[in-house]
Amino acid sequence: MTANTMTPQQKILKHAAYIPVIILAIVMIIPFYWMVLGAFKTVSELKQVPPTLTIQNPVLDNFYDPEADLPDHTDGLFQRYADIDGGFMRFYANSVIVAVVNTVMALLVASLAAYVFAKHRFPGRNALFLLVLGSMMIPWQVTILPNFLIVDELGWLNTFAALIVPALPHAFALFFLRQYMLSIPDDLIDAARVDGAHEFLIWWRIILPLVIPAMVAMGLFVYLGNWNNLVWPLMVTSGEMRTLPVIMATMVDPYSAGFEQGVSMAASLIVSLPTIIIFLLFQKQFVRGIALTGLKG
Amino acid sequence: MATAPSTQDVPLQDTALPTPPKISKKTLIQRIWEARISYFMLLAFFIPFIMFIILPMVASAYLAMTDYSGARTQEIEFVGLENFRELLSFELEQVDRRVDAETGEIMFRCGRRYATETEAAAYTADGTACTPAYVDEDEVLSDGYDTVGTFFRSDHGAYIFGAQDHRFWKAISNTTIYTIFSVAFSVIIGLGLALALQAQSVLNMILRTVFFLPSVTAGVAITVVWGHLFRGTAHGLINSVITGLGREPIEFLANADWTLPIVIMLAVWGGAGYNMILFLAGLGNIPEELYEAATVDGASTTEKFRFITLPLLRPMTLFIVITGIIGSFQVFDAVYILFANNNGGVGHISDSALTIVSYLYERGFTNFEMGYASAMAWVLFIIIFILTFINLRVGRANEAH
């Protein structure tokens with residue numbers, strides 16, 4: 001039914017239906033609102049009961065407090081972790097490096113294999129592809145304990161290698177990109193072969209540019225998985241190699257008073273900010289990626 | 001590989017007839033050699049794939065049958081299926097309700113004492129929790145078995161479910177409850193939102209973004225914020241709303257009854273918008289003509305929803321439910337962030353936050369029982385596998401109708 005065929009009653013009903021939806025929408029964004037508020041409140045405002053619903057006096061104290069020694073003041077986020085070179089920003093850098101390097105490398109590796117599975121014919125192709133598909137069914141909990149032992153054996157504990165390399169083979173990315181590449185016409189590849197292009201060159205020059213939308217959609221998910229990964233870094237890192245999720249996980253203490261709240265809200269804010277920005281920039285790709293992967297199921 | 005049948009039909013003759021080159025004429029070795037570039041290109045994926053997925057899988061299956069602790073110097077002892085036996089062995093025993101020998105009144109257990117119903121009410125008023133009492137309830141289970149729960153309780157008796165690793169069963173129970181509610185709510189709300197925001201308008205676009213935002217950003221950072229929203233009795237936003245309404249504040253994070261509801265709420269908050277996007281994609285695939293034809297036939301909106309929208313959304317719903325169950329059974333982050341203590345314990349009060357994965361983490365990495373934890377990982381895999389299989393079966397059966 002379209003809007004112009006509706007009776008006035010139906011129109012009112014339709015608008016009324018929005019009321020619960022909008023209430024729900026407000027509930028959805030409360031955590032974000034509370035996070036921004038908490039990040040810029042003073043400690044004394046954070047200690048108020050009941051909590052203030054707006055902000056009286058926005059300050060940057062939770063990030064850096066020049067008067068940290070005074071009562072009702074505390075070390076800001078960037079004044080913490082003094083025993084670590086770079087403090088909090090070190091963890092931030094760790095997370096960025098791991099997320100970016102792993103995402104880029106995982107996509108390249110997966111797309112190369114996806115191209116071979118989509119466009120090459122060779123003995124054992126189906127068996128290998130089934131092996132990759134089958135591995136998607138195995139939950140990560142099965143492999144994580146031996147992986148810890150392998151990484152330990154390699155001497156990688158507490159290194160970037162431990163955070164990046166084991167997550168390189170991304171079976172779902174391979175599967176997703178292969179499905180996408182199946183639609184690329186063979187003629188295009190054959191023409192390049194006739195011109196004497198090497199297979200790697202075909203992958204780099206012809207295939208990759210054509211699958212950029214799929215790579216972006218997949219890349220967003222791989223990046224998100226990296227950025228939020230808690231368990232693996234919790235196991236294989238300590239001290240200065242910790243990543244943001246591990247640090248954040250130590251910041252909830254339900255029994256402490258409002259004192260630490262501001263700092264942990266400040267941390268939440270700058271940790272989730274890149275994701276929120278990326279989301280708002282790439283929302284279309286996210287939606288399309290989800291729709292595509294969903295439809296494949 | 002598949003051999004082309006045509007080669008068999010070619011009569012064997014030594015004449016120089018030009019036979020077209022057939023791939024199947026070549027030996028397997030030749031074909032592998034010709035495809036060497038393909039294999040070479042696969043190496044970048046398959047070397048780490050074998051090292052960090054296949055090898056660990058095999059190792060995990062082996063470790064699950066050992067008592068390995070994770071220490072390098074340990075002599076690993078092969079224990080066969082002992083870990084699985086310890087994990088899964090359970091007893092279900094019927095017990096009779098304890099009755100007062102003289103009056104025949106049913107009895108309760110309050111702390112260490114037995115009490116009649118009226119006495120029990122007095123104890124409860126004093127703050128001692130009372131539970132129904134059964135005959136020999138502590139002796140009925142074999143040695144080494146602990147009570148997980150009682151079922152089918154009546155005035156005459158009950159069934160006591162006991163297990164060797166009662167915490168594992170508690171974890172399964174928690175995880176199952178979490179999965180049922182988080183999947184059900186996020187599917188229903190996701191579908192509702194998709195239907196409500198289906199039309200293309202600016203307001204709908206904004207609302208879609210708002211609902212979708214949590215599923216993208218619902219990481220560790222926002223879970224921390226939720227921790228603050230629920231925290232304490234005074235500083236938390238939610239409790240200040242509750243006290244504002246004139247109710248007693250609730251210690252959400254320190255009350256076992258609230259543990260699962262909070263984790264479920266977080267899951268629904270982070271999952272409903274994602275499901276909405278999937279349902280919107282599903283709705284977009286339903287041909288408009290079907291609705292038009294139904295309108296011509298005089299179908300009502302409800303009828304169109306029941307006989308067109310719902311059936312055609314079924315594959316998408318099946319996909320969402322299956323992936324939702326798989327993901328929910330692996331829940332860890334939220335319970336760890338909100339409820340783990342500083343000593344590596346992840347159970348929270350009376351194990352109310354214990355999930356399969358958090359228990360696996362605790363046994364494997366806090367207690368260093370890697371063999372046992374590996375066995376748990378395989379049990380989790382089997383549970384997920386069976387659930388997926390059942391789901392697919394049910395989905396197919398429904399589609400056939």
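Does A:Ile150 count as buried or exposed, and at what relative accessibility? What follows answers this for a predicted model. A:Ile150 counts as buried, because its relative accessibility is 15%, under the 20% cut-off.

## A:Ile150 and its surroundings

A:Ile150 sits in helix 6 of chain A, which spans residues 140-153. Its contacts reach into chain B. Leaving aside neighbours within four places in sequence, A:Ile150 touches B:Met51, B:Phe52, B:Leu55 and B:Pro56. A:Pro31 lies elsewhere: 119 residues from A:Ile150 in sequence and 39 Å away in space, C-alpha to C-alpha.

## Where the chains meet

Chain B and chain A bury about 8,300 Å² between them. Carbon and sulfur atoms give 80% of that area. On the chain B side, helix 3 (residues 36-63) gives the most, with 21 residues. The table sets out the interface.

| Feature of the chain B and chain A interface | Value |
|---|---|
| Residues from chain B | 91 residues |
| Residues from chain A | 101 residues |
| Buried area | about 8,300 Å² |
| Salt bridges | zero |
| Polar contacts (both at pLDDT 80 or more) | 11 residue pairs |

## The nonpolar cores

The largest nonpolar core holds 147 residues. Which of them touch the most other members? They are A:Phe88, A:Met235, B:Phe211 and B:Met276. Helix 10 of chain B (residues 256-284) gives the most to this core, with 14 residues. Domain 1 (3-79) and domain 2 (88-294) of chain A each supply at least three residues.

A second, separate core has 43 residues. Among them are A:Val109, A:Phe117, A:Phe129 and A:Leu174.

## An enclosed helix

Helix 15 of chain B covers residues 356-366. How many of its 11 residues are buried? The count is 10, so this helix is largely enclosed by the rest of the structure. The buried residues include B:Ile356, B:Val357, B:Leu360 and B:Phe365. B:Ser358, B:Glu362 and B:Arg363 are buried too. Just after helix 15 of chain B comes B:Phe368, which takes a positive phi of about 55 degrees.

Terms used. Residues are numbered from 1 along each chain as its sequence is written. Chains are lettered from A and ligands numbered from 1 in the order in which they are written. This is a predicted model: local features need pLDDT of at least 70, side-chain atom pairs count only at pLDDT 80 or more; totals for chains, interfaces and linings use all residues. Side-chain values use heavy atoms; hydrogens and water are left out. A nonpolar core is a set of buried Ala, Val, Leu, Ile, Met, Phe, Trp, Tyr and Cys residues joined through side-chain atoms within 4.5 Å. Buried means under 20% relative accessible area, exposed over 50%, partly exposed in between (1.4 Å probe, protein chains only). Helices (H or I, at least four residues) and strands (E, at least two) are DSSP runs, numbered from the N terminus. Domain bounds come from an automatic or database domain assignment. Contact means heavy atoms within 4.5 Å. Buried area is the accessible area (1.4 Å probe) that two parts lose on being put together, summed over both. A salt bridge is a side-chain nitrogen of Lys or Arg within 4 Å of a carboxyl oxygen of Asp or Glu. A polar contact is a pair of N or O atoms within 3.5 Å; within protein, one must be able to donate a hydrogen and the other to accept it, and residues adjacent in sequence count only if both atoms are side-chain atoms.
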